[in-house]
Amino acid sequence: MSQTASADASLPAEDLAESGAGADSRQPQRPAEGPTATFRRAAARARRKAALDDQKRSFLRMVSHELRTPLNAVIGFSEILASELYGPLGAPQYKEYAKLVHESGLKLLKLVNQIVEIARLEGHVTDLDVAAEPLDEAVEDVMAQLRTECETRGVVLSAPDLVGMPAVLADRRGLRTILSNLLHNAVSHSPSGGVVTIEAQHAGGGLVEISIRDQGEGVEAADLPRLLKPFEQAGTSLTRSGEGAGLGLPIVDLLARAMNGALRLKSAPGSGLTAIVSLPAA
């Protein structure tokens, strides 16, 4: 026993190190991963992501249907009552109440649509069909939709070079949603007699810049990032004097990014707000 111990002790340090290394090398080691295993793991992740996206789509379809169906019934029947389609309601207050129910239903339906849209965009489950879209036609469509509201508020929509607007690569519905939200936001915060200007031009780098400028009170530069967050409102009359949940600009921001574009805001107190959307040129 002592001879063995002395023999081990007499071994040089290098030999002991090699002996230890040899013992470690006999431990089972994980084999190096080949390209086939890497591919299989990536394919499994892609399948899980696709399954999760399908679940998100199904959930959003269910929520959309379950909320919109009763709301549409409320809106439809209240409109029938307000118009006294089947005869007078009796006391005039009933007609007034029916109008209030109808207006409230429309506001709630808009909010539901916006929340569902935000969820779709943030969950990356929006199916966009990006193609060349004439910008002048999209602007005309949205301006026509807002004509009644503009007349009520005394605001003028101006597109100085409508015919000369370039085409962009965008989803047809998504482009109109962007323009509708931006124009509605501008009209809502413009004073009576104000002008909302819509312009578009090539900006270099294969992009087209669409700018929508209002004559509202404007906001502090520090508040601009908050306007792009869902349900956030800046601490000025730009957001607090108008109705809505503060979802229009976040939807525009997410939609623009989904179509390889961007949204940026410029404003100062007393100088109105300018929203600039950049989209790829067609």
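Analyst: In this predicted model, helix H4 (residues 92–122) packs with helix H9 (residues 248–258) at an angle of about 30°, and their axes are 10 Å apart. Angles under 35 degrees count as roughly parallel, so H4 is roughly parallel to H9. The crossing in which H4 passes H9 is left-handed. On the H4 side, the contact is made by Gln 114, Glu 117, Ile 118, Leu 121 and Glu 122. H9 contributes Gly 248, Pro 250, Ile 251, Leu 254 and Leu 255. Sorted by class, the contact of H4 with H9 has six nonpolar, two polar and two charged residues.

The sheet is next. Five strands form an open sheet in the order E2-E4-E5-E7-E6, and their pairing is mixed. Strand E2 (156–158) and strand E6 (262–267) stand at the edges; each has a single partner strand, so one side of each is left without a neighbour in the sheet. On average, and with direction ignored, neighbouring strands of this sheet are turned by 20° against each other.

One of the residues involved is Lys 266, whose bridge partner in E7 is Thr 274.

A further helix, H5 (residues 135–145), lies across E2, strand E4 (195–204) and strand E5 (207–213). The direction of H5 is at about 165° to E4.

Technical notes:
Residues are numbered from 1 along each chain as its sequence is written. This is a predicted model: local features need pLDDT of at least 70, side-chain atom pairs count only at pLDDT 80 or more; totals for chains, interfaces and linings use all residues. Side-chain values use heavy atoms; hydrogens and water are left out. Two strands pair if DSSP finds at least two bridges between them. Helices (H or I, at least four residues) and strands (E, at least two) are DSSP runs, numbered from the N terminus. Axes are lines fitted to C-alpha atoms, for helices over the stretch in contact, and angles run from 0 to 180 degrees between N-to-C directions. Contact means heavy atoms within 4.5 Å. Angles under 35 degrees count as roughly parallel, over 145 as roughly antiparallel, 65 to 115 as roughly perpendicular and the rest as oblique. A crossing is left-handed if the near helix is turned anticlockwise from the far one by less than a right angle, and right-handed if clockwise. Ala, Val, Leu, Ile, Met, Phe, Trp, Tyr, Cys and Pro count as nonpolar, Asp, Glu, Lys and Arg as charged, and the others, Gly among them, as polar.
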